[in-house]
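Q: I would like to learn how to read sheets and cores in a model. Could you take me through some cases?

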Amino acid sequence: MQRVVYLITLSINAVLFVFTNNSLTAQVILEYEAEYSIELDNESFLLPGLQSMTMDKEGNLYYCSLKEILKFDSKGIFQKRISPIGRGPGEFENLIDCKTSDNYLVILSFNEFKVFYFNLSDLSFSHQVKINQVLTKQLATSSDSLFFTLSDSYRTETPPSVVGYNSLNRDKGFEIGLVPNLAFVGRVLTYGGITSWKNLVFYAFASYSDIWCYDITTKKIKRYKSSPEYFEKSSEFEVNKLGDNQTRLRGYLFSKSRTVGLHSLKKNMIVQAIDTEYPWENGEFKFDRIKRYLEFWDINGTKVGTGIKTPKNSILNFSIGNKLYFSSNQGFFENVAKANNGERVKLMEIYRVIK
């Protein structure tokens, strides 16, 4: 059976995705480098629907569904699967996010108040940490012991929404920043993204174009102010009905755009992923009309790339070093569902960030 080629060396001339409808000039260039494909070899199981993906420094990919974790090596060949379903030590019922540190795969479970550490070497369970937040959906690792979470907490709840934890001092978190008022729609925090780079933690909220930077060493916070090229406060999103048995939530939302994630790069840059022209009609979002752009910031809070389009119909899953890994939003999950018994599946396109 033909093995998967991890890097297709297509070093083409720089491809620049520029949003030309604003006056700012992009200074960051994305160059297509390769694709990442995987092969399930002789396994008979279907590749499950993707919940989160991450990669370690050796290029091993960790593909996580709600219920299980699949490890692939740097050539895209399946290595191992674990499915730690349950409520005992090292067990969870719903995976929501995952990241790697130097020696661990770190798993965040949804509404189970726990973060789990698995050894990268063999995916054996190491330890777990209790967290004190409800609706926690995002995770960032700073070291083997230090991690940070961002949650959709309610205003009336006492736990803060941006919290750091040291896994060596378990079950004790520390708040790293207040949440601005307009980050809430009614009482619910509309989450954005969180990431880390060395001793800095960056976080953003869906209704803001700004980025907050927390210095782990000094415990001080900077706010990177942005002219909101894509963000416009709108009265269109005044009522959001969340089901027949829930109350209507009234508040503000920058409905034309939203922050959907932050990612760090070794070039001292932070990438803010933005969905723009995100239409809300007749009580539902129109996902097929979303346009996606990237903003690049340096760690001093200066924008170095504005309005850079993502590859067509793609989602930025994660970043490693100076590379961005995009999965296709169009047809991606359909292709994944069909993959079985040695089929070759293209998961991602890889782009280098150059200047």
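Q: Which residue is the bridge partner of Val115 in strand 9?
A: This is a predicted model, in which local features need pLDDT of at least 70, side-chain atom pairs count only at pLDDT 80 or more, and totals for chains, interfaces and linings use all residues. Residues are numbered from 1 along each chain as its sequence is written, and side-chain values use heavy atoms, with hydrogens and water left out. Strands of a sheet pair through backbone hydrogen bonds, either parallel or antiparallel. Here the partner of Val115 is Val129, and strand 8 (residues 114-119) is joined to strand 9 (residues 125-130) by five bridges in the antiparallel sense. Strands are DSSP runs of E, at least two residues long, numbered from the N terminus, and two of them pair if DSSP finds at least two bridges between them.

Q: How many residues lie between strand 8 and strand 9?
A: Five residues separate the two strands of this hairpin, and Leu123 in the turn has a positive phi of about 60 degrees.

Q: Which residues touch the most other members of the largest nonpolar core?
A: A nonpolar core is a set of buried (under 20% relative accessible area, 1.4 Å probe, protein chains only) Ala, Val, Leu, Ile, Met, Phe, Trp, Tyr and Cys residues joined through side-chain atoms within 4.5 Å. In this core of 19 residues, they are Tyr36, Leu61, Phe72 and Leu347.

Key. Buried < 20%, exposed > 50% of the residue type's maximum accessible area, 1.4 Å probe, protein only. Helix = DSSP H or I, 4+ residues; strand = E, 2+ residues; numbered from the N terminus.
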